[in-house]
Amino acid sequence: MKYVVLINGKKISALNVSNRLVQFGDGLFETCLFENGNLLLWNQHFTRLEAGRKQLNINSVSEKKWLKDITKALGIANLSSAVVKIILARGESFGGYGFKNSIKPVRIVIISNPPKSPREYKLTTCPSGYGNFQHLAKIKHCNRLEQILARTGLKGDECLMLNGDGQVISVTQGNIFAVKNGELFTPNLDHAGIDGTRRAAVLEVAESLGIKIYIGELSLPELLAADEVFITNSLIGIKPVRLINQQLFTIRKITDKISRGLLSLQKLPINRQSIQIKPRRRWLKISIFLLLLVSGWIYLKDVNVKQPVVYQLNSGATISKVAADLKNLGYIKSSIYTLFLAKILNFDGQLKRGFYQISPDMSISSLLQNFFSGQVATRKITLIEGKTINDYYQKLSQNKALKSSGDFAKTLELTGVKPPYEGYFWPDTYQINYGDSVLSVLKRARRILQHRLRFAWQNRDENLQLKSADQALILASLIEKETAHNAEKSRIAGVFIRRLQRGMRLQTDPTVAYALGDKYQGRLSKQDLKFDSLPPPK
């Protein structure tokens, strides 16, 4: 397992781009450790989350709802030891930094495997540090650019982050402590840094052990002069520091003493520091799934159609409504089985609207997968070279997979092409989604033609007697009508180019055939050559 993600209690991992977490980092997070059925130091994590929420004026999410989501995610992950990261995002909005007071918060739970960490740490000094901003100090807001920049080019296991005055504040992913003459020192975090839950626990243990504590400014020279140094965070616990830049630390007496005290603290009653979590194991779902397999798999597993049909799934439809609709249409044998299967397979996301192919050999699980992934029905349609635009329009309009875009004149007007329209649509085989419009196919053909024509015109022979790309397109159309044999096209093109160079008329039959329109019967007469296609003067 790499990770499990729940957003608002549902197993999805995509955030809407309007989420302020994506736009501005507008949110808070906590990272907890789950071990042996306990969510360690949960009470302190939730207390800090609440403090940050009130400080940033984010609407609340109850502790009960958080624990329900965490329990569900841990049940899916099925890990005895895991990292539990919770993120409280302010919500979704557009239109700048401002937001409405009624904005609905978004809760995210991420479960992953615990990281591996060294037994002792080697530290360097970070290339950048903290700014001085009291309003964001101590809380775990989601804008972590200071830590990201600080870790750029990291050479040790971790690095020291200083403030603008050169005072030590923390490492990038934890708090730091120094021991000198049996006394404990740690930086003041009133203006920068994060007040870690392990930091609070260490201070509590140190006080219970009778160790004198100093919380205040800590310079880099003072840190290097310490007898012992250790770092903490919620995942690694307490880890001794062996080296800072070139300074070696070998004494760990107080570090080990506090570490043992912290382990004892974690064994206190669960309502004191941690909270017990009993994930709903997946064996229950598996049992239900097996029961379904045994009792009705053969009868219920496939759709109930003898010929391919297309089903329209409307916007906003729920899985319950769709299952009932499919049953009423006779496309499935049981709506209850379909709902159970969707639940077991964790199809909790939003159904994608569109037209879907239901084939006789299709399983219901495949159909559900299509519904939730948006694998809509597709068709192929070919616009044949040499046919007129009216032929294209009629072929597209008569295809049941395509929606009408209006009559011929209206549809062609919407493409942006001016009359007489011919030659401006690329002939090819197009794959369409069932429910697309006639106009959408013509626009695709128009875009491809424009792209290819632009490329051909930019790479033309400069000696050609042509003034524009449109003239090149007209000449290519005439050559296409003169012959269907590719081997003859270059020879005919040469004849036309030479006539143009000499100022001659092209004298090509396709021009007359096109002018005659429906009057053309397949052969030209001398009388046809006298046909005047120009409109009468006004």
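**The whole chain**

I began with contacts (heavy atoms within 4.5 Å): residues 24 or more positions apart account for 68% of those in the protein chain with a separation of 6 or more. Before going on, I noted that this is a predicted model, where local features need pLDDT of at least 70, side-chain atom pairs count only at pLDDT 80 or more, and totals for chains, interfaces and linings use all residues. Also, residues are numbered from 1 along each chain as its sequence is written, and side-chain values use heavy atoms, with hydrogens and water left out.

Next I looked up the radius of gyration, taken over C-alpha atoms, and the globule rule, 2.2 Å times the number of residues to the power 0.38. The protein chain comes out at 36 Å, while a compact globule of 538 residues would be near 24 Å. Its C-alpha trace spans about 120 × 65 × 45 Å along the principal axes.

I then checked burial (buried is under 20% relative accessible area, exposed over 50%, partly exposed in between, with a 1.4 Å probe and protein chains only). Of the 538 residues, 42% count as buried.

For secondary structure I got 17 helices and 19 strands. Helices (H or I, at least four residues) and strands (E, at least two) are DSSP runs, numbered from the N terminus.

Charges came next, with Lys and Arg counted as positive, Asp and Glu as negative, and His and the chain ends not counted. I found 77 positive and 43 negative side chains, and the centres of the two sets lie 6 Å apart. The place of a charge is NZ of Lys, CZ of Arg, CG of Asp or CD of Glu.

**Strand β2 and its partners**

I moved on to β2 (residues 27-35), where 8 of 9 residues are buried. Two strands pair if DSSP finds at least two bridges between them. β2 pairs with β4 (residues 81-89) in the antiparallel sense over 9 bridges, and Phe-29 stands opposite Ile-87 there. On β3 (residues 38-39), which also runs antiparallel to β2, I found 2 bridges, with Leu-39 as the partner of Phe-34. β2 and β3 make a hairpin with 2 residues between them, and Asn-36 in the turn has a positive phi of about 50°.

Is Ile-87 buried or exposed? It is buried, because its relative accessible area is 10%. Leaving aside neighbours within four places in sequence, I saw that its contacts include Leu-28, Phe-29, Trp-66, Val-106 and Cys-142.

**Helix α11**

I listed the buried residues of α11 (residues 364-373): Ile-364, Leu-367, Leu-368, Asn-370, Phe-371 and Phe-372.

Which peptide bond did I find to be cis? The one from Pro-419 to Pro-420 is, with omega near 15°. Pro-420 sits in the loop between α13 (408-415) and β19 (429-433).

Asn-57 has a positive phi, near 60°. I placed Asn-57 in the loop between α2 (42-56) and α3 (63-77), and it counts as partly exposed because its relative accessibility is 47%.

Lys-138 has a positive phi too, near 75°. I found Lys-138 in the loop between β6 (121-125) and α4 (145-150). At 33% relative accessibility, Lys-138 counts as partly exposed.
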